[in-house]
Amino acid sequence: MSHYDVVVIGAGPSGLSCGATLAEMGLDTLILDEQIHPGGQIYRNVESTSAAQLEFFGEDYAQGRAIVQRFRKSNAKYKGGATVWQVEADGDICYSCEGASHHITANYIVIATGAMERPVPLQGWTLPGVLGAGAANNLAKEAGLSPEGKVVICGSGPLLLLEASLLIKKGVQIEAILDTTPLIPSLSVVKNLPRALLRTDFLLKGLKILWDIKKSKIPYLRGVSGLKMIGQDNVEQVECTHRGKKVTIPTNVALLHFGVIPNTHMMRQVGCELHWNPELRYWHPVCDNWGRTNHDRVFVAGDGSYVSGAVAAGLKGELTGLEIAKSLGIISTIARDEIAKPITAQITKDKHPRPFIDAMYAPRAGQYTFDNETVVCRCENVTVGEIREVISQGAHDPNEIKIITRAGMGPCQGRMCGSAINEILAEELDSTPDEVGYLTIRPPLKGVPLGEIAAMKFTQASGPADLFKNQK
Ligand SMILES: Cc1cc2nc3c(=O)[nH]c(=O)nc-3n(C[C@H](O)[C@H](O)[C@H](O)COP(=O)(O)OP(=O)(O)OC[C@H]3O[C@@H](n4cnc5c(N)ncnc54)[C@H](O)[C@@H]3O)c2cc1C
């Protein structure tokens with residue numbers, strides 16, 4: 001069993017910056033990521049992509065190369081293709097890699113598992129041909145693939161529009177962009193605009209994307225509602241309501257996106273305290289500016305702690321690295337604060353547009369009002385109606401719903417349905433998601449063959465039971 005000063009889980013901008021900061025100070029640091037190459041979501045494959053791809057995805061993507069290069073130059077170790085499936089707050093980690101599972105330990109663990117696309121169940125969202133806009137972006141970066149045939153892009157958020165502009169540039173046949181963002185901005189949008197204007201560069205990027213969409217003459221319907229994916233063996237049409245009228249658009253591919261939310265399952269499994277944000281309608285860990293959680297040895301960094309974008313994620317990773325180095329006695333508090341000062345100032349500057357973006361693309365009212373036929377748990381094929389039925393019979397805890405319906409028990413372990421179950425239960429009980437509580441997340445976090453666990457080697461001092469000692 002190997003032991004490290006620090007194990008960082010996730011090799012996006014936050015994990016890479018944190019890992020490099022620690023390794024540059026001489027700490028024995030390992031970064032694990034289920035992707036083969038470092039880069040995370042935004043900088044996926046940035047190290048080995050072609051010059052043409054680098055240019056195609058633009059400057060925001062290309063700057064990931066410098067982050068990966070700095071990380072490679074530091075003495076941090078990287079293990080790609082390593083899926084972490086169990087973490088304990090006192091430093092035990094299990095991961096699966098190339099058909100074998102391994103148990104390692106660390107003095108400190110940094111959870112830098114980033115964000116995920118907000119899963120919003122819709123009628124027909126399980127049909128072949130329907131996928132996340134972020135997933136389409138990943139396929140383009142990873143394998144140079146673009147959707148073929150007629151494409152409809154639906155949902156809300158800056159990444160939706162960014163993906164639309166990239167597909168337009170690629171020459172993909174886009175039939176329509178169906179934007180669910182409310183037509184009339186909330187008071188909060190207006191209130192946060194002056195601060196956003198401090199970052200004109202950022203706003204100009206957004207305006208350029210909107211201009212590219214307008215120039216393309218692709219129908220861009222704003223303020224749509226009631227999205228439905230319709231088809232038999234594949235999505236055949238997308239239906240929605242626009243200005244009070246039903247609109248139907250034939251398609252082969254529908255790309256959905258409703259913003260991103262912190263990927264908190266690992267934090268839940270470790271026992272990190274989480275907070276419900278009612279405006280953004282997502283859970284995020286309770287942590288300080290250094291990423292320190294309620295567990296002394298567990299830190300969180302990047303979008304997993306709060307969605308702030310790639311630049312802030314990298315900077316937050318650096319702060320976490322500094323705090324751990326201080327905790328291990330490598331640097332003094334004064335040195336930590338001195339190095340952190342410009343980083344913190346940069347984070348503040350980077351975050352100027354964030355409240356405006358958050359308010360602009362906050363989940364709209366009614367987003368979680370579902371038809372009974374809509375599938376919530378894709379793995380176990382459980383519908384909204386089935387969940388409502390067990391709630392009406394007295395299941396008032398997400399775990400009871402899980403036990404009775406199997407929603408959340410499939411291969412994704414509730415990552416796709418957990419927040420929807422949370423919302424449905426809250427709505428049915430006329431309560432709030434934080435009051436009704438979330439699914440209890442247990443190991444394995446991600447599917448792992450039992451044979452792999454059985455074949456793991458343990459010392460006399462630590463047996464398999466020790467790996468799950470703190471699980472409820
Ligand atoms: C699908 C998707 C596409 C995106 N595309 C863009 C884009 O094009 N442009 C943009 O500006 N922003 C994009 N974003 C937002 C962007 O990802 C973030 O702002 C930024 O990447 C956050 O960095 P991070 O280091 O916090 O996490 P991430 O970059 O998300 O990195 C987290 C890493 O953790 C790894 N991981 C997670 N769980 C495990 C586990 N159990 N075991 C091992 N490894 C694990 C993941 O493989 C991932 O590499 C995207 C987000 C998503 C969800």
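Visitor: In which sense does helix H1 pass H4, left-handed or right-handed?

Guide: A crossing is left-handed if the near helix is turned anticlockwise from the far one by less than a right angle, and right-handed if clockwise. In this predicted model, where local features need pLDDT of at least 70, side-chain atom pairs count only at pLDDT 80 or more, and totals for chains, interfaces and linings use all residues, H1 passes H4 in a left-handed crossing. Residues are numbered from 1 along each chain as its sequence is written, and side-chain values use heavy atoms, with hydrogens and water left out.

Visitor: Which residues make the contact?

Guide: Contact means heavy atoms within 4.5 Å. Helix H1 contributes Pro13, Leu16, Ser17, Ala20, Thr21 and Glu24, while H4 contributes Ile67, Val68, Arg70 and Phe71. Helices here are DSSP runs (H or I, at least four residues), as are strands (E, at least two), numbered from the N terminus.

Visitor: At what angle do H1 and H4 pack?

Guide: Two packed helices are described by the angle between their axes and the distance between the axes. Helix H1 (residues 13-24) and helix H4 (residues 64-73) pack at about 30°, with axes 8 Å apart. Axes are lines fitted to C-alpha atoms, for helices over the stretch in contact, and angles run from 0 to 180 degrees between N-to-C directions.

Visitor: Is Ser305 buried or exposed?

Guide: Buried means under 20% relative accessible area, exposed over 50%, and partly exposed in between (1.4 Å probe, protein chains only). Ser305 is buried, at 7%. Ser305 lies in the loop between strand E19 (298-300) and H10. Beyond its neighbours within four places in sequence, Ser305 contacts His284, Pro285, Cys287, Val300 and Lys316.

Visitor: Which residues of H11 are buried?

Guide: They are Arg336, Ala340, Ile343, Ile347 and Asp350, and the buried residues of H11 pack against helix H10 (310-327).
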